[in-house]
Amino acid sequence: MTDPNALPSRHLAGAVDLSSLVQRHEQPARPAPAAAPSQDAATSAAAPSEAGQPRPQGEPEIPGPGEPVAHLEDVVIDADRELLEQFTPLSQFVPVILEAHNAAQPASETLARVVRGLAGKVVLLRIDIDRQQGVAQQPAVLALLAGRVMPLYNGEASEAELQQLFAQLLQLAAQQGVHNTVTVGEGAAETAEPEPKIPENHKPAYEAIERRDYEGAIAAFEQVLREHPADHEAKAGLAQVKLIHRLQGHTLDEVRHRAAMEPDNLDAQLDVADLDLSGGHVADAFLRLLELFPKQDADGKTRIRERLLELFMIVGDDDPRVLKARQQLANLLF
């Protein structure tokens, strides 16, 4: 089954070059996690080294959801490329956030505060790309889920936006079996804040997502929108769940093979556009559908237009790729 990786966010990450890490670590076998040591055993083999990386101890049983898999002195860590590679296996159990920053756009203290507030559910690696060449071309924030790179956003984000984003990220992580924690030292605990809050009327949708009841989540978001038609977050959530539901049960190879073998099959091309966007290939998804548009009859054009509008909602209306694709769609329509 393919991973539906796109998140309803106002920003997706810009140009990054983590292909070598993806090739090495994409879909690795789940490693046996490190047993979480007590604070008194922080210097044992299971505790992190001075640089902060977790060290496995033996091969204990894989823990259940929510159980700790490692101990860190802080969940916000200044890292280099080597440490990033060492932390990639941890992303099988806990989402690992990568913040590529430089002198022009320093590391975000707001992001660090929100991550610490999640109390070990997420780990943040901050990488100075002025010093670590080849990691990223520009500042961006990404996530590692089960060893796979997923773009989150670039530019600035408010605390409220980050809380909403991480609520959705943790939901997505749980769907993929990434639902453990790390224990943290006292320094991190002192600054912990409450978990991100989901709007009360959105909770039925998120509860349905946790159960993988995507039809129920769609119905719940649609109910919210009947009562509050201007709820932008509900619109984005609905588009996101529809995307996940459409990809459910399909494999990456199956979708791409069908699209390659049936270039005139609109359903196959819509599926691969969903797959492209879910993997962060935003421009490719838009271009595929825009190139198909002129070849379709009236019904086909309507389906493409509606699908593009959903994908625009997922990426965010102020993303430059959405603005460009909207203009191209308008030119085709008129």
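How does Lys203 count at 32% relative accessibility: buried, partly exposed or exposed? The first legend below takes this up, and every view shows a predicted model.

**View 1. Glu200 and Lys203 meet in a salt bridge.** The closest N and O atoms of this pair are 3.2 Å apart. Lys203 counts as partly exposed, because its relative accessibility is 32%.

**View 2. A salt bridge joins Glu159 to Arg113.** Here the N to O distance is 3.0 Å. The pair links distant parts of the chain, 46 residues apart: Glu159 belongs to helix 4 (residues 159–175) and Arg113 to helix 3 (residues 109–117). Glu159 is partly exposed at 25% relative accessible area, and Arg113 is also partly exposed, at 32%.

**View 3. Glu310 and Lys242 form a salt bridge between two helices.** Their side chains meet at 3.7 Å, N to O. Glu310 lies in helix 12 and Lys242 in helix 8 (residues 232–247), so the contact ties together parts that are 68 residues apart in sequence. Glu310 has a relative accessible area of 21% and is partly exposed; Lys242, at 24%, counts as partly exposed. Look around this pair, too: salt bridges with shared partners join Lys242, Arg246, Asp274, Arg307 and Glu310 into one network. For the whole model, the count comes to 16 salt bridges.

**View 4. Lys295 sits in a loop between two helices.** Lys295 is exposed, because its relative accessibility of 67% is over 50%. From Lys295 to Asp264, the C-alpha to C-alpha distance is 9.0 Å, with the two 31 residues apart in sequence.

Methods: Residues are numbered from 1 along each chain as its sequence is written. This is a predicted model: local features need pLDDT of at least 70, side-chain atom pairs count only at pLDDT 80 or more; totals for chains, interfaces and linings use all residues. Side-chain values use heavy atoms; hydrogens and water are left out. Helices (H or I, at least four residues) and strands (E, at least two) are DSSP runs, numbered from the N terminus. Buried means under 20% relative accessible area, exposed over 50%, partly exposed in between (1.4 Å probe, protein chains only). A salt bridge is a side-chain nitrogen of Lys or Arg within 4 Å of a carboxyl oxygen of Asp or Glu.
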